[in-house]
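Dear colleague,

I am passing on the structure below, and my notes follow directly after it. Please read them with the coordinates open.

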Amino acid sequence: MRQFLGPQDLPGIDYALEQARYIKQNRFADQALGKNKTMLLVFFNSSLRTRLSTQKAAMNLGMNTIVLDINQGAWKLETERGVIMDGDKSEHILEAIPVMGNYCDIIGVRSFAGLNDKAYDYSETILRQFMDYSGKPVISMESATVHPMQAFADLITIEEHKKKARPKVVLTWAPHPRALPQAVPNSFAQWMNAAGYELVVTHPKGYELEPEFVGDAVVEYDQDKALKGADFVYAKNWSACMEPHYGEILSTDRSWTVTTEKMALTDNAFFMHCLPVRRGMIVSDDVIESPQSLVIPEAANREISAQTVIKEVLKSL
Ligand code: AN0
Ligand code: CP
């Protein structure tokens, strides 16, 4: 496996879940696989969970890890080709990437969508440059359009808690004061579809996601209707995806906040969110603190999804 952006990069979803179950019980069984191998994690954006869980996963596999925060201590990188570099950027990404590739065996990259230019974001320009110029396998740690290790951890969490083979999973938009990428909802929808669950996506009009991720999921503009009979409620904010409003905030309607009243419409559903979450905006304190809240087990499973993915990459080195 030379790249990881989605379920299509793994040998199969059932295989991946089986591997994840094994790894959760046997975290240190594959230490020989990663011995003297180095995992480099490159962050263009902030992170708590991804930073810690991916390092932990690599260490469980016997690897060494190096973390580089591009915005703290590295040279400011130019990412556009063809510019005259007379501004504040000291180094071009097209030199920086092959240099980084020399010091490691696998690279994880966090490079959020800029939300200014949809074509630039949706062609995964930064991640593709890493794939093309590092000479090393590249894992998305939330790139412009996907967050596959999060969605894989969410899938593992649902598998651990579901009470029926094909649960009803509702992905709901919720309000947020800042414009956020579509990577988390894109990947969540993609992985839920890959798992064959019943998926309903609900959001105000104008927040439609790309059909390549939504697939055959039902899109329901009435949140209350969508929540009826749900087994899992996955809340997330995202900015508008469709032109001419790409990256814009079109609604801050707090009636979409997931509250106890909203959860009462479900079939005693579990509440999920990738974190970090803004209480009072996305979800009420009562819901996130309730016994039905899975936010902490989801975050714990980030170690497992990362380890499953890194192990597959190590096997192919
Ligand atoms: C990011 C996002 O929405 O993509 C990261 C989530 C894992 N969230 C924020 O920037 C708050
Ligand atoms: N869920 C997630 O990716 O969290 P971080 O942004 O803290 O890594």
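A residue is taken to be near a molecule if one of its heavy atoms lies within 4 Å of it. This is a predicted model, in which local features need pLDDT of at least 70 and side-chain atom pairs count only at pLDDT 80 or more, whereas totals for chains, interfaces and linings use all residues. Residues are numbered from 1 along each chain as its sequence is written, chains are lettered from A and ligands numbered from 1 in the order in which they are written, and side-chain values use heavy atoms, with hydrogens and water left out.

On that basis, the shell of ligand 2 consists of Ser 47, Leu 48, Arg 49, Thr 50, Arg 110, His 147, Gln 150, Cys 274, Leu 275 and Arg 302. By class, three of these residues are nonpolar, four polar and three charged (Ala, Val, Leu, Ile, Met, Phe, Trp, Tyr, Cys and Pro count as nonpolar, Asp, Glu, Lys and Arg as charged, and the others, Gly among them, as polar).

For polar contacts with a ligand I used pairs of N or O atoms within 3.5 Å. A polar side-chain atom of Ser 47 lies 2.7 Å from an oxygen atom of ligand 2, while backbone N or O atoms approach nitrogen atoms of ligand 2 at 3.0 Å in the case of Cys 274 and at 2.9 Å in the case of Leu 275. Taken alone, ligand 2 exposes 250 Å², of which the protein buries 93% (accessible areas come from the Shrake-Rupley method with a 1.4 Å probe).

Around ligand 1 are Phe 112, Glu 142, His 147, Leu 180, Pro 181, Lys 236, Cys 274 and Leu 275, a shell of five nonpolar, one polar and two charged residues. Oxygen atoms of ligand 1 lie 2.6 Å from a polar side-chain atom of Glu 142 and 2.7 Å from one of Lys 236. The protein covers 83% of the 330 Å² of accessible area that ligand 1 has on its own.

Methods:
Polar contact = N/O pair within 3.5 Å; in protein donor to acceptor, adjacent residues only side chain to side chain.
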